[in-house]
Amino acid sequence: MSSLKGGVGKTTVTLGLASAAFSRGLRTLVVDFDPQSDVSTGLAVDPDGYATVADILESPKEKTVRSAIASSGWNEYHEGGSIDLLVGSPSAINFDGPHPSTRDIWKLEEALAVVEAEYDLVLIDCAPSLNALTRTAWAASDRVLVVAEPSLFAVAATDRALRAIEEIRRGVSPRLQPLGILINRTQPQSMEHQFRIRELREMFGPLVLNPQLPERPSLQQAQGAAKPVHMWPGEASQEMAGNFDLVLDRVLRSAGMDAAREAKARPARTATVVED
């Protein structure tokens, strides 16, 4: 999950997709790669006593990787689901320089190689910049989901993100592709929002995904309570759960996982699904 503009709801989308994967029983690892570390809170994880992504970026050895993985508090709600978290840290900002070395760019990929066979899906919540953390996350990923809001500045940020993805694909990781552009926090009655959505479609065509995600307080309520949106009561939350199911379908198709195989054991495919 990526965006080069802060505040577009990248972490919210990461948690929504994690909830959709959890409801289907997919073995999912969420990587909290944003120094704000909000995903850790949303997944009901107390980070005390765990290593973190900052430790992994220092030394991606197997012992460090495994000591940075925490079981989500969500797991108590659903026997079939399994959500783990690679614990985030504000100290990750120390590794977010503008000119990462080739060795540094591959450190997350090296770390995930230790555990990826144990998961069906890996979701990475990225930092809101084009510095080392984002490039490192993209190098470890198969797909990037660009999260945007329907505003002038987000349109420009989306264009920069897609250009940067192409740069990384050509120069670092040929497997990397944009999954699409997910428009978040829409207000259907806003003429400005509708104008910006049309503008995004004109600029990026089929990369703009359906559905767009409307602004719903119930989504923030579920995340504030550190619970999956699929388990939060109310019509609005179930509407959002259905939207995230559709986005997850796109993720799984992109990874070559059809409905008949999605819950079976297999090597993980890593999707960078959100960057604020």
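Author: Buried means under 20% relative accessible area, exposed over 50%, partly exposed in between (1.4 Å probe, protein chains only). This is a predicted model, where local features need pLDDT of at least 70, side-chain atom pairs count only at pLDDT 80 or more, and totals for chains, interfaces and linings use all residues. Residues are numbered from 1 along each chain as its sequence is written, and side-chain values use heavy atoms, with hydrogens and water left out.

Reader: OK, how many residues are in the largest nonpolar core?

Author: It has 43, and L29, V31, F33, L86, L112 and I124 have the most contacts inside it. Helix α8 (residues 152-171) gives the largest share, 7 residues; helices are DSSP runs of H or I, at least four residues, numbered from the N terminus.

Reader: And what does L86 touch?

Author: Leaving out residues up to four places away in sequence, its partners include L29, V53, I69 and L112. Contact means heavy atoms within 4.5 Å.

Reader: Switching topic: at what angle do α8 and α9 pack?

Author: About 20°, with the axes 10 Å apart; α9 covers residues 191-204. Axes are lines fitted to C-alpha atoms over the stretch in contact, and angles run from 0 to 180 degrees between N-to-C directions. So α8 is roughly parallel to α9, as angles under 35 degrees count as that.

Definitions and conventions:
A nonpolar core is a set of buried Ala, Val, Leu, Ile, Met, Phe, Trp, Tyr and Cys residues joined through side-chain atoms within 4.5 Å. Helices (H or I, at least four residues) and strands (E, at least two) are DSSP runs, numbered from the N terminus. Angles under 35 degrees count as roughly parallel, over 145 as roughly antiparallel, 65 to 115 as roughly perpendicular and the rest as oblique.
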